[in-house]
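Colleague: I would like to learn how to read a structure. Could you take me through it feature by feature?

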Amino acid sequence: MKSPSLVLLLLSPFPALASGWLLIQPYLLPVVSVLSIMALVLAHLSLVRMRRYQHRLEQSEERLRLSLWGSGDELWDWDIEQGQLYRSSSWHQPLEKPDNAQQFPPNKSEIHPQDLDRVTRALEQHIHGITPIFEASYRIKAADGQWLWVLDRGKVVHLNEEGKAVRMTGTLKNIQQLKETEERLGLFARCLENISDAVLVCDTNFVVVEVNPAYQNITGKNREQVLHHLFELPLYPARFLHEIRQTLFEQGYWSGEIEEKRQNGEIFQAELSFDVIRDDEGMVQQFVAVMSDISERKRREAELNRLADTDTLTGLPNRSRFSNHLTQLVKEQVPHALLVFDLDNFKKINDSLGHELGDTLLCRLAERLSHFIRFKAKLYRLGGDEFAVVLENTNDIHSITSLAKELLKQINQPFFIEQHELAITSSIGIVMYPEDGLDPQALLRNADTAMYHAKNEGANRYLFFNDSMNKLAVKRLQVENLIRHGLKEDYFSVFYQPKMDIVTGQLVGMEALVRFITPKKGVISPASFIPVAEETGQIVEIGEVVLQKTCEDVKRWIDQGLFHGRVAVNLSAKQFMLPFLCEQIDDILQRSELPSYHLELEITEGTVMQSPKLAIDTMKKLRARGIHLAMDDFGTGYSSLAYLKQFPLNTLKIDKAFVDDMTSARGRNMVDTIVTIAHNLNLTVVAEGVETAEQLQQLKQLRCEILQGFYYSKPLSAAEFAAFLKQQKQQKPKLAAVHA
């Protein structure tokens, strides 16, 4: 401040002003002091306000920093002109720092190559003012080399005088977990969209919340029709859904097969399952249901069951269904009758006319019986030509007999198949529950027993089962088991009956006869075991044993000089029909080293007439090997003379029945006829069962060449026959001297 004297000196050229100054000079100092104080106060207030603003700014920055840190977002600031990028680096998983912030985008090197073009376009559009903000989600490389999904959002905050963006700021959010959750949800959504099963979500009152497209495909009801409506099963009472709801709350799960109606009214079968959806506290919030259309599967199952229970040839219920039905009847103790029948001599039809025609016959028979009201839904095919009829809730003999007679009548009517008229017969076995058996196996076994007895009594008839039949069946089973044990333990041996020249009385051959001798039961009669062996097929193995032992015995006697003739061995029908018969005989002859011309095979006329053409082929193969062939039991069957002359035979054997009947003129004439036929066919004749001198003289008069029977010798064991051969050898020189 200038001094008063200086002020007066300065104002001296201006007297008026100087006088004024003098007037205000006393007041100037207080005013200046007041103004100075006021200025100081104002300065202090301004400083306080500035400090408060600075504090608030620091608080705001702190809140922003804490918010960014708490949110996990990263703050970035991009100086576009300078090419500098600032990051707050608030992430727990730091990002890889860009190697060159002047590139575009500034973090280009960190962005996944597949996302780079999309991010670049979004950033360019915002910088050029096309979009109000920049926003992009993409993958960015973390410091550990892993790719993270981020949400990048920013905005241009400063433009230059030319309107060009020079500064931009924003945030970077880690959305990796969100993206993974989103992908999982997307996957689940795609699965629900594309799954073939219907999925339905409803609340706990079965009000529909959501359905997938498959629901419409299966039910025909679109989403709008069912949304916010009550889920219903119209084919079931209301309590059914109530029971499902109760089960869901108790167990958390329900599953079952139902019938449902489509929108068009069509009924379909479905597999329906419900599960509960719980909240974080474990409370049930919704139900989710999965529905599968199983109509086609059920149709296939029904068809498979039908095929499993149906005979493929005739279309009748098969043995499996029969067994189930019979088991159910026995379980429920329902009185019923069982009729089991097969066709008499059906095998001959197959062998002579072919299996195809035989199958056609079975189909025609099944069709005929199925259309007859009394057999409808009662008839079963058990296998082969064997059938069964089950009559429920009856044990009335009259009704059962009436049906059996009707069954025979229907079967006896001729069938016309492929220009053949077939007249067939049947044998029927009948049992009743509970009188004839208390379980299905016993009933069927006893019915079979009665059927076989009906067949043995002449066929084309029916028989009721009785206890005597059961005893015979048990005995037959015992014999079958005994045969099986005998084959295993070598209880079968061979006996030999001599064949003698009717003129010289010398041995010319012998017949091998099987004997079954057991340690405990002794000798088992051939009449007991041979029919059983034929039926079970065990005769094939027995025949092989007999042939092997016979060839070995004969070879030994030839080597000892005791025998030079031919041994006859019987072939059963089953043996003769073996496809490898010739090879089997070749093998046995080779092992025993027996020349084939020492072997003669005896075949019954019944065997060869089962299939004459096949028999002729087999016989020719045997003759080509040097083996002699004899027809056994000639005249007891039904052989045709037209075939007889075609058979490559060496010998014809006269059955014992004809020899025994020679006491009558008719019987002698019959034997004479057989001998004449044989001689005309250039065959040797052998008479079986010769027991008396009278029979011998009669056969000699009828010009029969060879005799066999008890008149000369009973069948002998191998040791006994060896002694017989030695005796014959000693007598031979004496007989030669007598004839000389």
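Modeller: Start with contacts, meaning heavy atoms within 4.5 Å. Of the contacts in this chain with a separation of 6 or more, 59% are between residues 24 or more positions apart. One caution: this is a predicted model, where local features need pLDDT of at least 70, side-chain atom pairs count only at pLDDT 80 or more, and totals for chains, interfaces and linings use all residues. Residues are numbered from 1 along each chain as its sequence is written, and side-chain values use heavy atoms, with hydrogens and water left out.

Colleague: How many helices and strands does the chain have?

Modeller: The chain has 25 helices and 26 strands. Both are DSSP runs, numbered from the N terminus: helices are H or I with at least four residues, strands are E with at least two.

Colleague: What share of the residues is buried?

Modeller: Buried means under 20% relative accessible area, exposed over 50%, and partly exposed in between, with a 1.4 Å probe and protein chains only. Of the 740 residues in the chain, 41% are buried. L681 counts as partly exposed, because its relative accessibility is 32%. L681 sits in the loop between helix 23 (665-680) and strand 25 (684-687). Leaving out residues up to four places away in sequence, L681 touches L644 and K645. The C-alpha atoms of L681 and L644 are 8.8 Å apart.

Colleague: How many salt bridges are there?

Modeller: A salt bridge needs a side-chain nitrogen of Lys or Arg within 4 Å of a carboxyl oxygen of Asp or Glu. A search of the whole structure finds 29. One of them joins D77 and R167, with the closest N and O atoms 2.6 Å apart. D77 is in strand 1 and R167 in strand 5, so this pair ties together parts 90 residues apart in sequence. D77 is buried at 19%, while R167 is partly exposed at 39%.

Colleague: Is the E110 and R87 pair buried or exposed?

Modeller: Both residues are buried. E110 and R87 form a salt bridge, with the closest N and O atoms 2.9 Å apart. E110 is in the loop between strand 2 and helix 3, and R87 is in strand 2, 23 residues apart.

Colleague: Which side chain of opposite charge is nearest to E386?

Modeller: For charge, Lys and Arg count as positive and Asp and Glu as negative; His and the chain ends are not counted. The nearest to E386 is R319, 4.6 Å away. E386 is buried yet has no salt bridge. E386 lies in strand 13 (residues 386-392).

Colleague: How many disulfides does the structure hold?

Modeller: A disulfide is a covalent bond between the sulfur atoms of two cysteines. The test is a pair of cysteine sulfur atoms within 2.5 Å. The structure holds zero. C202 is buried, at 0% relative accessibility, and C551 is buried at 0% too.

Colleague: How much space lies in the largest cavity?

Modeller: A cavity is a set of points, on a 1 Å grid over the protein atoms alone, where a 1.4 Å probe fits but cannot get out; lining residues have an atom within 4 Å of a point. A volume is the space filled by probe spheres set on the points, which are joined across faces, edges and corners. The largest cavity holds about 120 Å³. Its lining has 14 residues, with W76, L85, P106, N107 and D152 nearest the centre.

Terms used: 1 Å grid on protein atoms, 1.4 Å probe; cavity = no way out; pocket = protein on both sides within 12 Å on 5 of 7 lines; lining within 4 Å.
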